[in-house]
Amino acid sequence: MKTIRLPFCLFLSRFSFTPFIILCILLVSGSCKKKPGGTEAERAFYYWKSNEYSLTDAELNQVKKLQPTKLYVKFFEVKSDSFYGNIPDSKSQLHMHRFQGFSYEQYQDSMLRAAFNNMSVIPVVFVRNEVLRNSSHGLLDTLADNMIFLIDKFYREKYVNMNKPYQEIQIDCDWTIRTRDQYFYLLTQIKKRSNKTISCTLRLYPYKYTDKMGVPPVDKVTLMCYNLIAPLDHEDKNSILHTGELTAYLKKTKPYPLHTDIALPVFSWMQVYQHGQFTGTVKAPYDNIMPVLKQIKPLWYEVTEDIECGDMYLRQGDRIKMEDVPGETTHKAIELLKKHVQLEEKITVTLFHLDEHELKRYSHETLSSFFTAFRQ
Amino acid sequence: MKRFLLSLLLSVSSLLWAGQAAACGYYPQGEDIRFSMLKPDYAMFPGFSSFFYSTRHFYYREEVEGDVSGKDSMAAGDWQNTALWRLRCLNEPEAEDVYAAVYGETDLSKKNSTNSFIRYLHEHSDTTAIQYLQFARTCSAYNEVVSDPWERHEYANLPSRHRLIQVAAQRIKKLEDKELIRRYAFLIIRLAYYNNEADILTSTYDTYFNNTEEGKNILDYWSLSFRALIEPAGALRNYYTAQAFRHVPDKRLMLQRQYDKSIPVNETLAHASDKEEKAAVWLLEAISNPARALDALVQLRALDTDEEALSFLLLREVTKLEDWIYTPYYTYFEPSLQEEGWYSLQNNDSTFAVLQKRIKRDRAYAREVLTFARQVTIKNKAYNNCWQVCKSYLCLMTEDYTGCMAALQLLNKPNTLDASSAESLRLIKAVCLIARQPKGKTVIPDEIKPLLIEQFDKKNEDFLFAIAKELEYKGNSTEAIFVLSRVNEGSGRWDDEYVYWKTRKMANISQIDYCYDYFDYMDIQYSPAQIQQLITTLQGTSQTDAFTAWKTKRLKQDLSLLYDLLGTKYIRKNDLVNALSAFKKVSDTLWKSEAYTSNLDANPFYANMYNEHAATEGDTITYTKKTLVQTLLSYLKKAEDPSNPDRDYYYFLVANCYLNMTQHGNSWMMRRYYLNSRGDHEHPDDRDEFYSAGLAQSYYLKAKAASKSNAFAALCLRMAGRCEKHRLIFRFNCQNRYAFYDPDSIFESNIYYAQLKEDYPDDYDELISNCMSFQEYFNERKRAGVRL
């Protein structure tokens with residue numbers, strides 16, 4: 001069904017009959033939200049790694065096969081430093097440009113061009129909450145200016161030959177009610193100074209409690225359907241995605257007032273507990289560790305042999321909480337989203353995140369179905 | 001048969017024969033080659049430790065042993081500041097306590113501190129000073145430029161640093177204490193510099209320091225050094241820099257680096273208002289000049305009486321001259337830090353002439369410096385010793401040996417000399433004692449023998465080398481080698497002390513055109529007669545004194561090598577009888593050593609149309625150098641016996657042997673000790689033969705002439721043609737340094753292949769195209785009815 005934006009404006013200018021206007025508003029808003037044919041999901045990925053210079057061959061292959069139209073790349077984070085003030089951190093090293101010279105790079109280049117032919121790169125910046133706590137409006141003005149400068153610079157230098165300027169900036173932040181005003185001010189300044197589409201990630205809590213948390217002054221939001229609970233709080237629950245928790249957050253009476261895209265998890269991790277204390281995480285791949293793990297209950301394993309794993313040394317008897325998201329769980333979440341969220345006809349569905357070790361845990365068909373399921 | 005190093009890329013090597021070039025790989029340069037016999041006591045110039053003459057940009061202070069001040073020379077300004085603080089306290093606290101409180105982390109708040117300075121401040125209720133010191137400590141963490149994390153500018157402007165500037169400015173407003181006001185102002189200047197806030201820096205400097213009329217102290221000069229750093233390039237910046245340089249020893253390196261030498265000194269001098277300021281300009285002008293700086297010394301001398309600066313500059317000038325004169329004079333390398341800029345000269349005879357011309361000119365400059373030095377009277381005893389050493393050395397450089405010996409009379413007054421100066425003078429005297437002797441009658445005087453052993457123990461390789469070269473230049477090549485054989489023995493290859501040197505004989509023919517060992521040098525430079533003389537002297541030495549034992553130590557160990565070298569020299573001259581005589585005196589132990597058995601592990605009397613270094617079916621027997629020459633002589637005798645029906649056969653074997661003793665054969669070690677693709681250590685004596693195989697060619701032609709078999713005669717012509725190919729390629733490479741030869745053109749120019757085609761048309765294609773035909777044609781001799 002077509003959306004009716006221009007007629008709606010004209011209508012308002014000619015009539016002043018209030019009940020009729022209200023009716024029209026209902027009709028128009030309904031015309032935007034209802035989707036008898038389902039929602040078309042534009043395919044997207046997050047790229048969250050900071051230290052990689054380029055996509056791996058496996059990641060390029062996934063991009064080629066799944067054909068996402070957007071890649072949300074975390075360009076950098078912003079942290080607060082007592083010496084330097086607000087500064088960028090974890091700067092992305094990812095480059096996407098045409099190489100010349102060695103054959104392998106030429107090969108990568110051709111892969112890149114094929115993969116990125118129809119794809120846009122969208123810069124993402126993660127702003128740590130502490131930054132907002134410590135910043136006046138003047139400092140936030142400077143921060144917005146600096147962020148846009150660095151985004152421009154990275155895009156110009158690292159995404160040579162993308163053939164199109166970036167159109168959107170996404171801000172990611174675990175903001176709270178105490179930092180809400182500063183955060184919204186920062187978002188306003190970024191919009192004002194960049195003249196780009198501004199989106200931000202949205203945790204489920206501010207999604208549900210709109211009245212209390214407010215609505216960010218952005219063009220659209222991406223609802224993050226993962227990390228629903230604190231990882232260490234609930235021993236028996238999967239902290240990445242727990243459909244029961246998700247349902248609780250999605251049930252609300254009023255639709256969210258901004259265009260809402262969806263972010264779904266395709267990642268996993270292992271929480272390591274030594275002597276009953278959480279001591280760190282292990283990330284995929286798990287090929288070398290799985291043979292020495294014995295499952296003791298749902299989600300929980302015990303280490304059966306001493307093993308070196310990344311920068312951790314696991315000892316026999318250590319406990320591991322293994323969290324991942326099976327395809328079926330994701331599909332349940334999608335059904336909940338379709339049921340409870342007023343999705344527009346066309347949204348972006350972004351999978352977190354593009355990493356060869358995580359993606360290889362799913363078949364191509366499963367990954368593809370995470371996008372197509374929104375239409376059914 | 002094998003090659004010591006690289007044995008491939010012969011065509012590349014051939015390109016490089018035509019001249020020396022440091023195309024790639026290691027080549028000695030800079031401090032590797034700088035001649036530096038004297039080891040001055042640089043510790044007497046703590047304020048100039050960054051500017052000792054060196055091809056490195058500067059000497060780091062850690063390289064300077066000792067410190068006459070007893071305090072870190074790079075913290076000289078800090079000690080001046082310490083003195084200011086003491087003055088505030090009427091010099092009551094200990095200087096070390098003040099220093100510890102100002103620059104350390106001593107707790108400033110303790111009223112009963114063990115630190116006398118802190119205690120004094122509390123006792124006198126000097127809370128503003130304590131507050132200042134605390135604040136200054138906070139600021140010290142900000143004394144560095146940091147890169148801008150937002151990548152907008154090269155360096156970051158830190159809000160936190162700007163806040164400190166604001167705090168300092170507010171405190172200034174509340175203070176009446178002029179000294180503390182100036183201290184806060186200095187902190188503002190320093191913070192502003194690192195925070196890229198030039199306006200604040202300039203205005204603060206103008207307000208608090210620009211108009212200091214009298215009694216300027218380190219705060220003025222520290223502030224000036226930051227003011228100088230932000231001044232745009234020009235004469236005024238040079239002026240600021242020079243004034244700060246004069247008074248702030250610990251910032252001299254940074255300041256010197258921003259001094260713009262392209263600005264005429266007169267423009268800088270125009271900003272100077274008095275003699276002292278002008279002297280400061282001349283000082284920095286001299287320091288910044290890697291070439292001749294005597295004019296600046298003369299100007300400085302006329303304006304200032306600072307003996308430290310002038311003494312240092314004189315020593316620097318002498319050290320330059322030591323490099324300019326003696327590096328090329330002794331080593332044939334160009335000076336390590338050239339007067340006329342960096343460029344590479346070809347190593348050939350014209351280069352040698354150029355070097356000699358420059359040495360002559362630099363000796364003339366040494367005379368000018370000496371004349372100046374003789375006009376100056378130095379009061380400070382330590383500096384005066386330095387001047388005496390310089391004057392003696394300058395006399396030696398100018399070849400004024402009489403004047404030099406006169407200047408060295410100071411050695412007779414040991415009480416006036418420090419140890420370093422006395423040692424320097426003894427080194428100068430030793431060289432002078434050799435250099436002043438008449439050519440042909442030069443000996444090592446007894447007086448310097450202990451010094452040679454002493455300096456050997458101290459690894460003063462340059463001194464030993466200088467003595468060796470002086471002996472050589474005076475015609476005593478035997479004694480020269482005795483000393484040279486001990487050079488580099490105690491030093492590592494990559495030590496600055498290690499000596500590298502060239503020889504004129506190596507000029508223009510070799511990629512690696514330098515030596516670092518006496519044997520390689522003799523291999524290139526010495527004649528058989530000189531080697532024989534050396535061996536005779538060595539074997540005739542019966543003295544048992546310490547010096548004789550020292551000088552003969554290595555050569556006695558190397559006696560067999562020397563005989564081998566003598567024999568090899570004769571091989572190069574094709575004097576087989578004398579070669580055999582020498583080889584007979586080589587011990588069997590040497591022939592059985594790895595280097596010889598692995599490189600003479602093939603049959604030198606076997607050759608075919610193509611094989612060079614790979615093993616062949618003919619390698620059924622091997623020879624030492626001695627047995628090879630014995631066999632060669634016997635084959636020659638048979639070949640030249642008219643009654644011998646197998647003359648052609650023996651001529652052929654002789655030709656094979658000569659071919660194998662070239663670059664293209666399996667017994668190249670008969671003529672060379674090293675062989676690699678770069679043509680290292682090339683020898684002018686038999687270079688043509690080594691690459692062209694002319695002797696082999698002549699014997700193949702004799703074999704042809706003596707042959708009764710047409711097929712064998714054709715084979716001999718084919719082999720002569722192979723030698724001709726080597727000769728044509730060698731000639732091309734000598735004439736065309738940067739080009740590859742055209743194989744077709746080389747082939748078409750080969751007169752023996754042309755003759756083969758004309759005289760033996762039926763055999764031509766087979767011999768030229770079929771690499772398997774050698775044996776068939778060789779066997780034709782037998783079918784023709786000959787015995788062998």
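Of the 788 residues of chain B, 58% count as buried, where buried means under 20% relative accessible area, exposed over 50% and partly exposed in between, with a 1.4 Å probe and protein chains only. The model is predicted: local features need pLDDT of at least 70, side-chain atom pairs count only at pLDDT 80 or more, and totals for chains, interfaces and linings use all residues. Residues are numbered from 1 along each chain as its sequence is written, chains are lettered from A and ligands numbered from 1 in the order in which they are written, and side-chain values use heavy atoms, with hydrogens and water left out.

**Chain B as a whole**

Chain B holds 38 helices and two strands; helices (H or I, at least four residues) and strands (E, at least two) are DSSP runs, numbered from the N terminus. Its radius of gyration is 37 Å, well over the 28 Å that the globule rule gives for 788 residues, so chain B is more spread out than a compact globule. The radius is taken over C-alpha atoms, and the globule rule is 2.2 Å times the number of residues to the power 0.38. Along the principal axes, the C-alpha atoms of chain B fill a box of roughly 125 × 65 × 50 Å.

Contact means heavy atoms within 4.5 Å. In chain B, 68% of the contacts between residues at least 6 apart in sequence join residues at least 24 apart. The side chains of chain B include 96 positive and 105 negative ones, and the centres of the two sets lie 4 Å apart. In this count Lys and Arg are positive and Asp and Glu negative, while His and the chain ends are not counted; the place of a charge is taken as NZ of Lys, CZ of Arg, CG of Asp or CD of Glu.

**Chain A as a whole**

Chain A has 13 helices and 16 strands. Buried residues make up 52% of its 376 residues. Among the contacts in chain A with a separation of 6 or more, 73% are accounted for by residues 24 or more positions apart.

**Two glutamines**

A:Gln295 belongs to strand β11 (residues 293-297) of chain A. With a relative accessible area of 46%, A:Gln295 is partly exposed. A polar atom of its side chain lies 3.2 Å from the backbone oxygen of A:Lys297. A polar contact is a pair of N or O atoms within 3.5 Å; within protein, one must be able to donate a hydrogen and the other to accept it, and residues adjacent in sequence count only if both atoms are side-chain atoms. Leaving aside neighbours within four places in sequence, A:Gln295 is in contact with A:Trp300 and A:Tyr301. A:Ile320 is 25 residues from A:Gln295 in sequence, and their C-alpha atoms are 9.1 Å apart.

B:Gln437 sits in the loop between α19 (419-435) and α20 (449-457) of chain B. This residue is buried, with a relative accessible area of 13%. The side chain of B:Gln437 reaches the backbone oxygen of B:Leu433 at 2.9 Å. Not counting residues up to four places away in sequence, B:Gln437 touches B:Thr442, B:Val443, B:Pro445 and B:Lys474.

**A lysine on helix α16**

B:Lys360 is part of helix α16 (residues 349-375) of chain B, and B:Lys360 counts as exposed at 64% relative accessibility. Its C-alpha atom is separated by 34 Å from that of B:Arg252, 108 residues away along the chain.

**Backbone geometry**

Most residues other than glycine have a negative phi, and most peptide bonds are trans. Two peptide bonds of chain A may be set against this background. A cis peptide bond joins A:Ala284 and A:Pro285, with omega about 10°; A:Pro285 is placed in the loop between β10 (277-282) and β11. Another cis peptide bond, with omega about 5°, joins A:Phe352 and A:His353, and A:His353 is in the loop between β16 (346-352) and α12 (356-359).

Positive phi values also occur. A:Ser90, in the loop between β3 (85-89) and α4 (103-116) of chain A, has phi near 50° and is partly exposed at 27% relative accessibility. For B:Tyr332 phi is near 65°; B:Tyr332 lies in the loop between α15 (307-331) and α16 of chain B and is buried, with a relative accessible area of 15%.
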